[in-house]
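User: Please take me through the terms used for this model, and set each value against its cut-off before you draw a conclusion.

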Amino acid sequence: MPKHEIHPDKWIDLYADYLFNYTVTRVSDREIAQDLVQDTFLAGLKSMKNFKGEASERTWLISILKRKIIDHYRKINSNKGKAEVRIQYNDAESEGDWLEERVADPFDKTAEDSMQNSELGDAIHNCLSKLPKKQANVFKMKTVLNYETEVICNELNITASNLWVIIHRARTAMADCLKENWF
């Protein structure tokens, strides 16, 4: 039986636009769509040895992408997924396991945890107060209050692309401030 070849060095040129357009129509968020396509390419690289050539490369990547989209909706619709704090997690043994299995038990708290949470809360409020007013408002509305993009845009009379620029700048400033004052 002939060996089926796969060409990951050509994936971006050949499939990125198609996969992105496929994804963005299903998740209605460009940033999430980009992340899911990247996750698909990464999963494809990790499982190249499983490619049997029974379908085209594109069809194989779409089947991976479909699972990524389903996992995305499962995560955001589960209680643990709604409470998840986004952290980088890599464990070679558990690649692809549900992140919600890794969510900390809220009842397993110590006095030190409570003190650290209080200190972190103070650091976050301190950093928020250092942001320009518009950035702070957008950050609170999107990140803390979980307002939809459309609601924020209508309330602040800004475009969606302007919102994402503002939120990116606010998140970057918050991360820098927290590195300086918390970590």
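Analyst: Accessible areas here come from the Shrake-Rupley method with a 1.4 Å probe, and for residues only the protein chains shown count as cover. On that basis, the protein chain has an accessible surface of about 13300 Å², with 51% of it belonging to carbon and sulfur atoms. This is a predicted model, in which local features need pLDDT of at least 70 and side-chain atom pairs count only at pLDDT 80 or more, while totals for chains, interfaces and linings use all residues. Residues are numbered from 1 along each chain as its sequence is written, and side-chain values use heavy atoms, with hydrogens and water left out.

User: What makes up the secondary structure of the protein chain?

Analyst: There are 8 helices and 0 strands in the protein chain, where helices (H or I, at least four residues) and strands (E, at least two) are DSSP runs numbered from the N terminus. Read from the N terminus, the order of elements is α-α-α-α-α-α-α-α.

User: Why is W11 called buried?

Analyst: Buried means under 20% relative accessible area, exposed over 50%, and partly exposed in between (1.4 Å probe, protein chains only). W11 has a relative accessibility of 1%, and therefore counts as buried. F41, with a relative accessible area of 12%, is buried as well. Across the protein chain, 29% of the 183 residues fall in the buried class.

User: What makes the aromatic pair of W11 and F41 stacked?

Analyst: Rings of Phe, Tyr and Trp (its six-membered ring) pair if their centres lie within 6.5 Å, and planes under 30 degrees apart count as stacked, over 60 as edge-to-face and the rest as tilted. The structure holds 3 aromatic pairs. In the one formed by W11 and F41, the centres are 5.9 Å apart and the planes stand at 25 degrees, so the pair is stacked. It links distant parts of the chain, since W11 belongs to helix 1 (residues 11-27) and F41 to helix 2 (residues 30-46), 30 residues apart. A single aromatic cluster is formed by W11, F41, F51 and W60.

User: Why does T23 count as buried, and which residues does T23 touch?

Analyst: T23, which is found in helix 1, has 0% relative accessibility and so counts as buried. Leaving aside residues up to four places away in sequence, T23 touches A33, L36, V37, L65 and I69, a contact being heavy atoms within 4.5 Å. For the protein chain, 61% of the contacts between residues at least 6 apart in sequence join residues at least 24 apart.

User: How do you know that helix 6 and helix 8 are roughly perpendicular or roughly parallel?

Analyst: Axes are lines fitted to C-alpha atoms, for helices over the stretch in contact, and angles run from 0 to 180 degrees between N-to-C directions. Angles under 35 degrees count as roughly parallel, over 145 as roughly antiparallel, 65 to 115 as roughly perpendicular and the rest as oblique. The axes of helix 6 (residues 133-144) and helix 8 (residues 160-181) come within 9 Å and cross at roughly 95 degrees, and the two helices are therefore roughly perpendicular to each other. On the helix 6 side, K134, Q135, V138, F139, K142 and T143 take part, meeting residues of helix 8 that include L163, W164, I167 and M174. By class, the residues of this contact are 8 nonpolar, 2 polar and 4 charged; Ala, Val, Leu, Ile, Met, Phe, Trp, Tyr, Cys and Pro count as nonpolar, Asp, Glu, Lys and Arg as charged, and the others, Gly among them, as polar.

User: How do helix 7 and helix 8 pack?

Analyst: Their axes are 10 Å apart, at an angle of about 95 degrees, which makes helix 7 roughly perpendicular to helix 8. T149, I152 and C153 in helix 7 meet A160, L163 and W164 in helix 8, so that the contact has 5 nonpolar, 1 polar and no charged residues.

User: Why is S28 called exposed, and what is its phi?

Analyst: S28 has 66% relative accessibility and therefore counts as exposed. This residue, in the loop between helix 1 and helix 2, has a positive phi of about 55 degrees although it is not a glycine. Most residues other than glycine have a negative phi. N157 also has a positive phi of about 55 degrees without being a glycine; N157 sits in the loop between helix 7 (149-156) and helix 8, and its relative accessibility of 71% makes it exposed.

User: Why does R169 count as exposed?

Analyst: R169, in helix 8, has a relative accessible area of 51%, and is therefore exposed. The C-alpha atoms of R169 and F139, 30 residues apart along the chain, are separated by 9.5 Å.
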